[in-house]
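Here is a short note for a colleague meeting this model for the first time. Please read the points with the structure open.

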Amino acid sequence: MSEQVQSGGFIANWGSNIRDSGRSPGKCACGFIAAWIAFFLILWVMPAPEGLSTAGKATLAVMVWACLMWITEAIPVGVSGMLIPMLLVMTGAIDKFPKAASGFSTPVVFLCLAAFIFAAVMQAAGLDRRIALGMLHKLKVRTVNGVIWAMFGANLLLSLIIPAANARAATLLPVVNGITNMFGDTPEERAGKKAIVIQTLVYGSMISGMCIMTAHLPNLVIVGLLDTELALHLSYIDWFKLQWPYLGMFVITQWWMQRYFKTHGVGVHGGYEAVQRQYAEQPKTSQAEWLILVVFGVIALLWVTESWHGIKSHNAALMGLAVLFMPGMFGFKWKELQDRTIWGTFLLLAGALSMSSAMGSTGLAQWLSDIIHPLATGHPWWMVLLILMAGTHVIRLGMLSNVAAITMLAPILLALAPKLGLHPVAFTMLVSDTDTFAYILPTQITAAVIAYSSGTFSMADYAKVGWVSVLIAIAYGICVMAPWYAFMGIPVWDPTAPWPFQ
């Protein structure tokens with residue numbers, strides 16, 4: 001094989017290297033070339049649009065470059081995140097590098113990195129899998145729907161310690177595969193496997209992540225944006241108070257999943273025994289594991305009680321790391337943690353926050369909001385939400401990354417809200433939240449790609465159940481979450497409502 005590649009010359013080697021990395025040479029090449037062509041055309045050829053400053057136009061060039069790179073995965077997302085500050089400076093969008101790289105020094109980024117390292121410690125110790133199997137063992141589930149509810153409970157617990165939906169889906173994948181592999185091949189059992197995989201690894205991972213600030217990276221993008229643009233602080237517990245009603249959406253999607261796949265009463269033949277066997281094969285909980293759980297429990301308590309003691313979430317997390325890495329706390333080496341820490345996503349988040357800040361400071365977000373404004377003006381608040389939520393789902397058909405989508409979307413929504421006479425926080429969060437429920441294609445969410453790798457469902461299966469789930473998400477946001485936000489003091493229809501949180 002290597003001799004054939006060598007004989008083919010540079011192009012053959014180039015294509016082989018891309019395929020070896022798990023990507024499509026054609027898609028990567030087209031995306032890479034298109035990104036740079038668009039970048040230079042906007043920067044040097046496109047006339048300056050009316051109302052947009054030179055710095056704003058330069059930021060637009062960087063934003064389009066980043067979008068195309070993210071959509072086509074032409075370069076690793078972590079590398080694109082690192083390149084954003086450099087491009088902002090070189091194009092003249094931002095004058096100083098420290099300001100262009102502001103996203104790398106925000107409190108949210110340190111909270112995110114600390115959460116990633118905590119997750120790596122948990123995974124190295126095997127605590128993530130132990131928690132999931134422990135819940136299934138204790139609940140003694142024997143039906144498809146019972147498995148789904150038990151795994152949703154596991155998702156909720158894991159969302160406290162694993163800060164990304166894709167990482168939780170990857171953690172639960174072997175557990176779910178162990179259960180579904182015990183199923184037979186009858187139509188009912190095949191449908192049951194599809195329901196378990198989609199509802200557990202995709203819907204469960206995404207919905208549970210909505211409630212915990214550190215469990216879903218777009219949450220951190222929004223929190224960081226509110227802090228930098230509006231000087232509004234949301235604590236860990238404040239976020240939970242606002243978002244916990246999203247848990248109710250899982251009940252509705254579960255009803256729809258059960259109805260579509262006809263899983264009511266379908267048993268897990270052999271699945272219960274598989275869980276018990278995997279649970280029994282685990283070693284006894286070690287002293288190190290107990291110490292890790294205690295440290296994390298104390299940090300979680302500090303997060304929840306932030307309004308009492310005043311220690312910010314990022315500082316509490318870093319204090320926890322200081323304790324956790326005392327000599328002798330655990331036996332695994334730093335390299336084991338380093339390999340499990342999702343550095344690429346961390347760099348993407350930091351670059352995305354830098355981009356969001358630049359969009360606001362250069363006037364690009366304001367200019368883009370002026371373009372969108374005529375589409376939404378003149379409608380009642382619920383119709384405005386409906387239009388923008390539906391538009392978000394259309395745009396998301398071509399994007400894999402939630403973080404990338406929210407990075408582009410949230411600053412525009414924040415600038416658009418005052419023009420429409422809507423509360424900037426409630427409006428931005430409601431529309432941004434619906435982006436999380438991009439359920440039409442598996443390629444829209446990394447957790448769905450992981451679920452699709454199980455081979456239990458087809459693209460058509462996913463789309464048929466997914467488009468209704470998207471409608472459920474839009475309706476839930478307008479009919480449930482908007483009134484709840486109003487009850488909590490941020491009515492989307494009242495831009496003058498005072499900020500209810502300290």
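The numbered points below go through helices, contacts, salt bridges, surface and backbone.

1. Basis. This is a predicted model, where local features need pLDDT of at least 70, side-chain atom pairs count only at pLDDT 80 or more, and totals for chains, interfaces and linings use all residues. Residues are numbered from 1 along each chain as its sequence is written, and side-chain values use heavy atoms, with hydrogens and water left out.

2. Helix α16. Start with α16, residues 287-304. Helices here are DSSP runs (H or I, at least four residues), numbered from the N terminus. α16 has 18 residues and spans 26 Å from first C-alpha to last. That is close to the expected 26 Å, where the expected span is 1.5 Å times one less than the number of residues.

3. Which residues of α16 are buried? They are Glu289, Ile292, Val295, Phe296, Ile299 and Trp303. They lie on the same side of α16, because they cover an arc of only 130° around the axis. The arc is taken from the directions from the helix axis to the C-beta atoms. On the other side, Gln287, Trp290, Val294 and Leu301 are exposed. Buried means under 20% relative accessible area, exposed over 50%, and partly exposed in between (1.4 Å probe, protein chains only).

4. What α16 packs against. Its buried residues pack against α7 (107-125), α8 (127-139), α13 (236-243), α17 (306-309) and α18 (313-324). Contact means heavy atoms within 4.5 Å.

5. Ile161. This residue sits in the loop between α9 (144-159) and α10 (165-180). Ile161 counts as buried because its relative accessible area is 7%. Leaving out residues up to four places away in sequence, Ile161 touches Ala115, Phe118, Ala119, Met122, Ile131 and Phe296. Ile161 and Phe296 are 135 residues apart in sequence, yet 8.1 Å apart in space, C-alpha to C-alpha.

6. Helix α8 and Gln282. α8 has 13 residues and reaches 18 Å, close to the 18 Å expected. Its buried residues include Leu127, Asp128, Arg130 and Leu133. Gln282 lies in the loop between α15 (271-280) and α16. Gln282 is buried, at 18% relative accessible area. Its contacts, not counting residues up to four places away in sequence, are Arg129, Arg130 and Leu133.

7. Salt bridges. How many salt bridges does the structure hold? It holds four. A salt bridge is a side-chain nitrogen of Lys or Arg within 4 Å of a carboxyl oxygen of Asp or Glu. One of them joins Glu289 and Arg130, with the closest N and O atoms 3.5 Å apart. Glu289 is in α16 and Arg130 in α8, so the pair ties together parts 159 residues apart in sequence. Both Glu289 and Arg130 are buried.

8. Two further pairs. Lys194 bridges to Asp461, the closest N and O atoms being 3.1 Å apart. Lys194 is in α11 (residues 187-211) and Asp461 in α26 (residues 459-487), 267 residues apart. Asp461 is buried at 14% relative accessibility. Lys419 and Asp370 also form a salt bridge, at 2.6 Å, N to O. Lys419 lies in α23 (residues 402-420) and Asp370 in α21 (residues 364-376), so the pair ties together parts 49 residues apart in sequence. Lys419 is partly exposed at 30%. Asp370 is partly exposed at 38%.

9. Asp435. Asp435 belongs to α24 (residues 424-436). Buried or exposed? Asp435 counts as buried, because its relative accessibility is 1%. Beyond residues up to four places away in sequence, Asp435 touches Thr392, Arg396, Asn402, Ala405 and Ile406.

10. A nonpolar patch. Phe32, Ile33, Ile37, Phe40, Leu41, Trp44 and Val45 make a nonpolar surface patch of about 730 Å². Patches take residues with over 30% relative accessible area and no salt bridge; like charges are joined within 9 Å, and nonpolar side chains (Val, Leu, Ile, Met, Phe, Trp, Tyr) within 5 Å. Areas come from the Shrake-Rupley method with a 1.4 Å probe; for residues, only the protein chains shown count as cover. Val45 is in α3 (residues 25-45). Val45 is exposed, at 57% relative accessibility.

11. Positive phi. Most residues other than glycine have a negative phi. Ala231, in the loop between α12 (217-230) and α13, has a phi near 55°. Ala231 is exposed at 65%. Lys262, in the loop between α14 (247-261) and α15, also has a positive phi, near 55°. Lys262 is exposed at 64%. Just after α8, Lys140 takes a positive phi of about 50°.

Terms used. Helices (H or I, at least four residues) and strands (E, at least two) are DSSP runs, numbered from the N terminus.
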